[in-house]
Amino acid sequence: MPINSFLYPAPTNSNPHEVANSLRFDSGSSDSLTKTDSSGSSRRIFTYSAWVKRVKLSKTNADMIVNNASNESNQFKIELEGSSSGDDHDIRIRQLSSGTQNINIKTSAAFRDVAAWYHIVVAVDTTQSTDSNRVKLYVNGSQITAFDSSTYPSQNSDMEVNVSSSYTTHIGKRNNNDHHFDGYMCEFVFIDGSALTPTSFGEFDSASPTIWKPKNVSTLTFGTNGFYLDFKDSSALGNDVSGNNNDFTANNLTSIDQTTDTCTNNFA
């Protein structure tokens, strides 16, 4: 069943957080952002948060949001599936460790709305005793609990994230240079060492209580390898503004890919 995302109207509250810019990714140009970690950090507790807007549903391959990887046998990824057999635009969280799949979470719901933005949060804490609490997925402020597949990591297991300098974080593509994202991303955040809920990144407010909106995340504690990409600097699109200077390299992305179509200024 498809989940409808929310079109963002003009804000009516007195102090909204306005998102100025997004980054446009085009699979035809093999656009991506990449960063190699300088050191290892928390491998059991972390959070990803990103606002994304799709533009193509006819693709066979997935739209990769983020992929942490050393090679094809050791990787963690969050993606929006394509239209190939058995894949119906669901969100999938998957991990391989030494070639063995130890995480495979695949939503029952489909995410096909190309007219609006989705806010996706993945919070990981493998120290939790209940397996379903070790990886939590939220979309537009609500936790997703209906899955076609739900393989969770073992308690206290190390993830293929924050490993060492041999691992690269890819935004907008998979490690082996496929599954390129087609669409827009904004407010891309990685929190190292904390498993946060969506309310750290967004809110329903009294002015529009049914519409999920972004919050100012600049005061969050990002952790050693944490980052916050706001895409405001057209000359350095991978600039990390968290204060950590965990900057990304922009691959095939230029200033023309910086846009004002954002989760607070949604274009038709």
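Colleague: Hi! How many salt bridges does the count come to?

Modeller: Hi! The count comes to 13 salt bridges in this predicted model.

Colleague: Nice. Which residue does Lys 35 form a salt bridge with?

Modeller: Lys 35 pairs with Asp 37, and their closest N and O atoms are 2.6 Å apart.

Colleague: And are Lys 35 and Asp 37 buried or exposed?

Modeller: Both Lys 35 and Asp 37 are buried.

Colleague: What about Asp 88, which residue forms a salt bridge with that one?

Modeller: That would be Arg 112, with 2.4 Å between the closest N and O atoms of the pair.

Colleague: Why does Asp 88 count as partly exposed?

Modeller: Because its relative accessibility is 40%, and partly exposed covers the range between under 20% for buried and over 50% for exposed. Arg 112 is partly exposed too, with a relative accessible area of 29%.

Colleague: Got it. Lys 213 next: what is its salt-bridge partner?

Modeller: Lys 213 forms a salt bridge with Asp 205, and the closest N and O atoms are 3.2 Å apart. Lys 213 is buried at a relative accessible area of 3%, and Asp 205 also counts as buried, at 11%.

Colleague: Which residues are linked in a network of salt bridges?

Modeller: Arg 54, Lys 56, Lys 59, Asp 63 and Asp 182 are linked in one.

Colleague: Switching to the strands now. In what order do the eight strands of the open sheet come?

Modeller: The order is 11-7-6-5-4-12-2-17, and the pairing is antiparallel.

Colleague: Which strands stand at the edges?

Modeller: Strand 11 (147-151) and strand 17 (249-251) do. Each has a single partner strand, so one side of each is left without a neighbour in the sheet.

Colleague: By how many degrees are neighbouring strands turned against each other?

Modeller: On average by 15 degrees, with direction ignored.

Colleague: Last one, then: which residue in strand 11 is the bridge partner of Thr 107?

Modeller: Phe 147 is the bridge partner of Thr 107.

Conventions. Residues are numbered from 1 along each chain as its sequence is written. This is a predicted model: local features need pLDDT of at least 70, side-chain atom pairs count only at pLDDT 80 or more; totals for chains, interfaces and linings use all residues. Side-chain values use heavy atoms; hydrogens and water are left out. A salt bridge is a side-chain nitrogen of Lys or Arg within 4 Å of a carboxyl oxygen of Asp or Glu. Buried means under 20% relative accessible area, exposed over 50%, partly exposed in between (1.4 Å probe, protein chains only). Two strands pair if DSSP finds at least two bridges between them. Helices (H or I, at least four residues) and strands (E, at least two) are DSSP runs, numbered from the N terminus. Axes are lines fitted to C-alpha atoms, for helices over the stretch in contact, and angles run from 0 to 180 degrees between N-to-C directions.
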